[in-house]
Every structure is written in structure tokens, then in C-alpha cells.
Amino acid sequence: MNLALLGFLMVATFMTLIMTKRMTPLVALIVIPTLFGLIAGQAAGLGAMMIDGIKNLAPTGVMLLFAILFFSTMTDTGLFDPLVGRLIRLVHGDPTRILLGTVVLCALVSLDGDGSTTYIITIAALLPLYKRYGMNRLYLCCLLMATSGVMNLTPWGGPTARAASALKLDPATLFLPLIPGMIAGLASLLALAVWFGRKERTRIGAVEARDEDVDFTGMAVSQYPEARRPKLIWFNALLVVTLLTLLVWGVLPLSVLMMIAFAIAMIVNYPGVAEQKERIAAHAGNVLSVVSLIFAAGIFTGILGGTGMVEAMSKEVVGMIPPAMGPYMAPITAALSLPFTFFISNDAFYFGMLPILAEAGAHYGVSPTAIARASLMGQPVHLLSPLVPSTYLLVSLCGIDLADHQRFTLLPAIMVCVVMTLVGLIAFAFPFVAG
């Protein structure tokens, strides 16, 4: 059977099953690629493909495991309580202010370039507000993910670095013309936040903060009051700042930094063995649900790439572009980046498909730099993909079902992509037509 067709059928089957809730993502990520790998006649090599895929995602799985434990521990100690307390007073029960603050806070935290860290920090600060006022957490997931998708285009972010590496381009040169599009994308998200806010005002109205929401020290009430460590708040704050600084500098791999930071946090805040076990057990459910999905996604990506389906799918799509459309390769690449970065991993798209698109564009006078910039336009939609590890972290921390999040956020994410693409064309980040 044609590998490209088989690849498209595999992705379509997987998405249909999880979005109709006929199968959980964890089970589907394992069963569906295994079944299609057998249909492809590659039963003998499936084990090696699975192990390779798991190995590639293992560092991400370890990082998320200890990131959840570390930032959950920081939340337990009450580190973020003063921030939540101030936010409660600042928003005055206005849902629109909370939603606008969601976009602004996420944009600032996203500057570190790591989506998982962004979600953990912003959700720790914002989720208590959404729960306190009974706001729709789908709005929180949508705005956080789309904002992270826009900010992911920074030179130190994964997609831009991959595109630059794949086509041997300078990341800074690639990035600078994208800034107007990013600003427009963030502006569209602020407008979306206002719209969401008006809907929430109609539904729940304005709710004033009650005395029981904030104690006399100015701290928001913690989920685990017995675990709070108000006397260690400055140490914990310094530990988080140090961690993020070392993360940006790249002194050690992120997974190692998270492990060390978690160990220090436990020793200082909960020196007793019983206390440490209690804190770990409190968050074991979140850890298991996220990390198990990461390793299951490794099986999916391992089979998708190992069988040659990704390469076949890429060549099939590029081959369908008629010669008359050649001068329009930049906007075509921008359009293709939406579905393809959703269906396949960033690595597969940027290292497998992007060079093919760039080579096709070169025949019609479209520069590789223009193709590379256009290929980044689909990132807000890419983060909705079930192949993105941080997506599972986001929905898990917010207590939202993945399928519900995908259905709700797809159209807003496409809107942001379209806005960035149009502004990119106007700002000549990439040409609408060659020549």
C-alpha cells in the first residue's frame, strides 16, 4: 500500500477516535500506529522504531516529570500565593481583566522559550482565579496555548531554530521580519480575550473578592495549607529565578536542571522523609497522566518516521503543487504549515518537509529565507497537536479534556495564524509571489 496514503489514514483514524472520545489518547497513541505499522508490512522492525521514538522523547518526559513535581512543590509552599492575592485585588472580579492578564502574563513568561515551563508558571498563578470566579477553563487553555504559539517564534524557540538549521540560515536574520506578525498575533489574542471576557461577564457577572479568599498576610489560600512555607518564600523565589536563568543560559540540559532544583526544594522545604513522600504522592496523578502520554507519543512518532510515512507524505504533498503555483510557494508553505505541523512533529516537518519545499521554491525564484519564515506561521495550530508533549501538560493542569480543548481552540488558533501570515505578507517577511 502507498505509504503516504497509509500515513494520512493513520493520522485521520487517530484524530477521529480521540476527538469522538471513542478511545483515550494514551491508548490510541499506542494501538493505532502499531496497527498501521503492521498493515504497512513492517512488523519485523516495529520494536526498534518504537524504542527509537521513546528514546527521542525520553529527555522531554524526564523534564516534564520533575518540572511538574518542582513547580507543584513551589505552589504547595505558597510561593505564588502573594501574586495570586495581588491579582485578585487587581482584577476586581472582572473576567475581562483576568483574560487580558492571561495573554500578557503568558507572553512575558514565554520569553524563556519553553512551553512546559510557561504553562506550569502561568497556570499556577492564574488557575486559582479561574476557579474562584467560576470561569470557563477552556478560555485559559486557548489563550495560553495560542500566546505560547506566537512567542515560540523567538530565535531561541524550537521552530525558528529548527528552520534555520534545516536550511542553514541565521536565526536572527530569519526572526526580525517576523516581529510585526507576532505583534499582530498578540493583538488579535488580546481582542479575543476581550470577546471571551464579555461572554463571561454576561454569564457570571462581576464577583468581588471575599475576605476568605485572601488571608491577613495578603496570600491567597493554598490548596495544601499544611504544606505552606511562608518563611522560606524568598529562598524559593530565588531558587525559581536561578533555575530560569540557568535554563536561558543553557548551562545544563533542562531535564537535569529540573531534577536538581526539585531535589533542593524538597530538602530545604520538607527535610523529613515522610513529608517528602507526602508531597510526591500528592502530585503523582498529574505526573503519571502526563509522562505516560509522552512515552506513548514516542511510539506514534517512532512508527510514523521509521516506516517512511512522513517522508512519503511530504513528497506527495509537494508533488501535488502545480507548476503554475510555483511563484506562490511562500504563502503555500504558510498554508501547509498549519495542517502538517499538526499531523507530524516539528522535527519531521522542518528537517524532512521544509528542505523539499525550499528546493521547490528555489526553482521559481523564492528564497529559502522566505520559505523558512512562511513555514513558521502554523505554530499556534501546531501546539494543538497530540504529538506535542506540553499540550498534555496544559490540559492536565487545567483539568480539561484534550478533545474538548482541540475542538474549542482550533478556530482561534487558525485565526491567529491567518493574522500573522497576512501581516507577514504586508511587511514583506515573505513575498506573496516571487519576482
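I take buried to mean under 20% relative accessible area, exposed over 50%, and partly exposed in between, with a 1.4 Å probe and protein chains only.

**Ground rules.** I am reading a predicted model, where local features need pLDDT of at least 70, side-chain atom pairs count only at pLDDT 80 or more, and totals for chains, interfaces and linings use all residues. I number residues from 1 along each chain as its sequence is written, and side-chain values use heavy atoms, with hydrogens and water left out.

**Salt bridges.** I searched the whole structure and found six salt bridges, each a side-chain nitrogen of Lys or Arg within 4 Å of a carboxyl oxygen of Asp or Glu. I number helices from the N terminus as DSSP runs (H or I, at least four residues).

I looked up Glu200 and found its side chain in a salt bridge with Arg203, at 2.8 Å from N to O. The two are three residues apart in helix 10 (residues 179-204), so about one helical turn separates them. Glu200 is buried, at a relative accessible area of 2%.

I then took Arg279 and Asp76, whose side chains form a salt bridge of 2.9 Å, N to O. Arg279 lies in helix 13 (residues 273-282) and Asp76 in helix 3 (residues 46-77), so the pair ties together parts 203 residues apart in sequence. Both Arg279 and Asp76 are buried.

I also noted a network of salt bridges linking Asp94, Arg97 and Arg201.

**Arg407.** I found Arg407 in helix 21 (residues 402-426). Its side chain meets that of Asp404 in a salt bridge of 2.6 Å, N to O. Arg407 is partly exposed at 42% relative accessible area, and Asp404 is partly exposed at 25%. Beyond neighbours within four places in sequence, Arg407 is in contact (heavy atoms within 4.5 Å) with Met19 and Lys21.

**Cysteines.** I counted zero disulfides, taking a disulfide as a pair of cysteine sulfur atoms within 2.5 Å. The sulfur of Cys141 is 3.5 Å from its closest cysteine sulfur, in Cys398, which is too far for a bond. Cys142 is in no disulfide either, and the nearest cysteine sulfur, that of Cys141, is 8.7 Å away. Cys141 is buried at 0% relative accessible area, and Cys142 is buried at 0%.

**Core.** I define a nonpolar core as a set of buried Ala, Val, Leu, Ile, Met, Phe, Trp, Tyr and Cys residues joined through side-chain atoms within 4.5 Å. The largest has 138 residues, and Leu29, Phe70 and Phe71 have the most contacts inside it. Helix 7 (residues 137-151) gives the largest share of this core, 11 residues.
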